[in-house]
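Here are my notes from going through this one, in the order I'd walk you through it. Have the structure open while you read.

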Amino acid sequence: MNEELLSAVTARVLEKLSLCGATDRAEHSDPDSRNLPKALLIGTKPAEDLGYDYVSREPYEAVVLGSLTTGQLLSFHQEQALTALLEGKPVYLYLPGINRGTGKNRHLEAELVSALNRLKSWGVVMLDGGGRKRLVTAQEAMRLKAQGLPLPQECILTPSARDILS
């Protein structure tokens, strides 16, 4: 069998598994990652460190929606995220992982905004990758505490950061 074809197929299968949240993300090269709280990762891993060790099954303390397709956003029915919301677990949506359109179809983009607002009303916390709400991780909390600095305004604390600061 052609090795290039085999490599391409393998890469595509792994990519699809990653998009479905079906791979076990508990395997990390960072030895400290095992001390982080567990979060179910749905979609692709966010570019920024959110302070979680990503897993593919229970137990987990939060849900991170790393990416959603336009269709998934418009008809959101991701069972694990909805269950987490009902149980009072935090659910985060990483906005850079969302396809927001190009401005060419205003009606569809209005529906996307409406879908995002619906998720917000359910309690999903939007993370925009460095904009309005800043995520404070455990490492950042330790640094702030050591330097006697206040928390940034409009910030979100990871569970580990909350423990450090309390």
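1. Where does Ser67 lie? This is a predicted model, and in it Ser67 sits in the loop that runs between β3 (62–65) and α2 (70–74). Despite being in a loop, Ser67 counts as buried, because its relative accessibility is 13% and the cut-off for buried is under 20%. Its side chain reaches over to the backbone nitrogen of Thr44, at 3.0 Å.

2. Next, the strands. β3 and β4 run parallel and are joined by three bridges; within that pairing, Val64 has Tyr92 of β4 as its bridge partner. β4 is also joined to strand β5 (residues 125–127), again by three bridges and again parallel. Here Tyr94 stands opposite Leu127 in β5.

3. Which residues of β4 point which way? Val91 and Leu93 go one way from the strand (residues 91–94), while Tyr92 and Tyr94 go the other, and all are buried. As a rule, side chains in a regular strand alternate between the two faces of the sheet.

4. The largest nonpolar core has 22 residues, and the ones touching the most other members are Val63, Leu65, Leu73, Val91 and Leu93. At least two residues of this core come from each of β1 (38–42), β3, α3 (79–87), β4 and α4 (106–122). The largest share, four residues, is supplied by α4. Apart from this core lies another one, of twelve residues, with Leu41, Val64, Tyr92 and Tyr94 among them.

5. Leu93 deserves a click of its own. Setting aside neighbours within four places in sequence, its contacts are Leu65, Leu68, Ile98, Leu116, Leu119, Val124, Val125, Met126 and Leu127.

6. Now α3. Its buried residues are Ala81, Ala84 and Leu85. After the helix comes Gly88, with a positive phi near 85 degrees.

7. Helix α5 (residues 138–147) can be read in a similar way. Ala138, Glu140, Ala141 and Leu144 are buried; because their arc around the axis is only 155 degrees, they fall on the same side of α5. Gly148 follows α5, and its phi is positive, near 70 degrees.

8. How many aromatic pairs does a search of the whole structure find? Two. In one of them, the rings of Tyr52 and Tyr92 have centres 6.1 Å apart and planes at 45 degrees, so the pair is tilted. This pair links distant parts of the chain, with Tyr52 in the loop between β1 and β2 (53–55) and Tyr92 in strand β4, 40 residues apart. Tyr52 counts as buried at 5% relative accessibility, and Tyr92 is buried too, with a relative accessible area of 4%.

9. The other pair is Phe76 with Trp122: the ring centres are 6.4 Å apart and the planes are at 50 degrees, so this pair is tilted as well. Phe76 is in the loop between α2 and α3, Trp122 is in helix α4, and 46 residues separate them.

10. Last stop, Ser160. This residue is in helix α6 (residues 159–165) and counts as buried at 16% relative accessibility. Tyr52 is 108 residues away from Ser160 in sequence, yet the C-alpha to C-alpha distance is 8.7 Å.

Definitions and conventions: Residues numbered from 1 in each chain as written. Predicted model: local features only at pLDDT ≥ 70, side-chain atom pairs only at ≥ 80, totals over all residues. Heavy atoms only, no water. Buried < 20%, exposed > 50% of the residue type's maximum accessible area, 1.4 Å probe, protein only. Polar contact = N/O pair within 3.5 Å; in protein donor to acceptor, adjacent residues only side chain to side chain. Pairing = 2+ DSSP bridges. Core = buried A, V, L, I, M, F, W, Y, C linked by side-chain atoms within 4.5 Å. Contact = heavy atoms within 4.5 Å. Arc of directions from axis to C-beta. Phe/Tyr/Trp six-rings, centres within 6.5 Å; stacked < 30°, edge-to-face > 60°.
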